[in-house]
Amino acid sequence: AEAKAKRRIGLGVTGLANALAMCGLTYGSDRAVARTGAWMRIIDEAAYAASVDLAREKGAFPLFDADKFLAPGTHASELPMNLQEDIREFGIRNALLTSIAPTGTISLYAGNVSSGIEPVFAHGYTRKVLQKDGSKTEERVEDYAVAEYREKWENGDFNGGMPPVPAFDPDKHLPDYFVTAQTLSPMDHVRMQAVAQRHVDSSISKTINCPE
């Protein structure tokens, strides 16, 4: 009954830290915070517009009340005015639309992209993988953005088409904007969550690493 009355869903993101690195932006920096806010705003507004379109076709969620939904202080009250007007006229199909999940396993399946809005955990590490017969194997995994950068390095994309002589070493050859959770300050994490949650109407999963 609760699910039918509100039709809550949880559209989210993963791979944010990789996307920032591939744009040359350092997770937690002013430029990364601004870019994250812009991306999240696009997702947020597109989700609400799509839900309004569904409401035109199928009707609003059963507990929808325009005055309460658009009241000052609600997430919807921060949307562009044209979207608010459409919500008031047509309703909206889903009471809540966006959420940031941990996406750990999903991100691994997607090529070991960074998880949710988290920074990259490590450039590379070893995982224990459970096999069908119950045995465990150790598999070396590499961060998606690091793998993309390594491929460009080995193809000579940064050296006029000539592969560089030294073998790729992530500790020596990655630009400064390839940061990991171990190198960031707690405030770097907080700033990224703060800008993301402005455009999320439900919950966010976020781990903040702190020194002992």
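Author: The largest cavity is lined by Ala17, Leu20, Ala21, Leu25, Tyr27, Pro119, Val120, Tyr177, Phe178 and Val179. A cavity here is a set of points on a 1 Å grid over the protein atoms alone where a 1.4 Å probe fits but cannot get out, and lining residues have an atom within 4 Å of a point. Its volume is about 80 Å³, that is, the space filled by probe spheres set on the points, with grid points joined across faces, edges and corners. The count comes to one cavity of 30 Å³ or more. Rolling a probe the size of a water molecule over the atoms shows where empty space is left.

The model is predicted: local features need pLDDT of at least 70, side-chain atom pairs count only at pLDDT 80 or more, and totals for chains, interfaces and linings use all residues. Residues are numbered from 1 along each chain as its sequence is written, and side-chain values use heavy atoms, without hydrogens and water.

Of the 212 residues, 38% are buried, meaning under 20% relative accessible area with a 1.4 Å probe, protein chains only. Among contacts (heavy atoms within 4.5 Å) with a separation of 6 or more, 65% join residues 24 or more positions apart. The C-alpha atoms fill a box of roughly 65 × 45 × 40 Å along the principal axes.

Notes. Buried means under 20% relative accessible area, exposed over 50%, partly exposed in between (1.4 Å probe, protein chains only). On a 1 Å grid over the protein atoms alone, a cavity is a set of points where a 1.4 Å probe fits but cannot get out, and a pocket is an open set with protein on both sides within 12 Å along at least five of seven lines; lining residues have an atom within 4 Å of a point.
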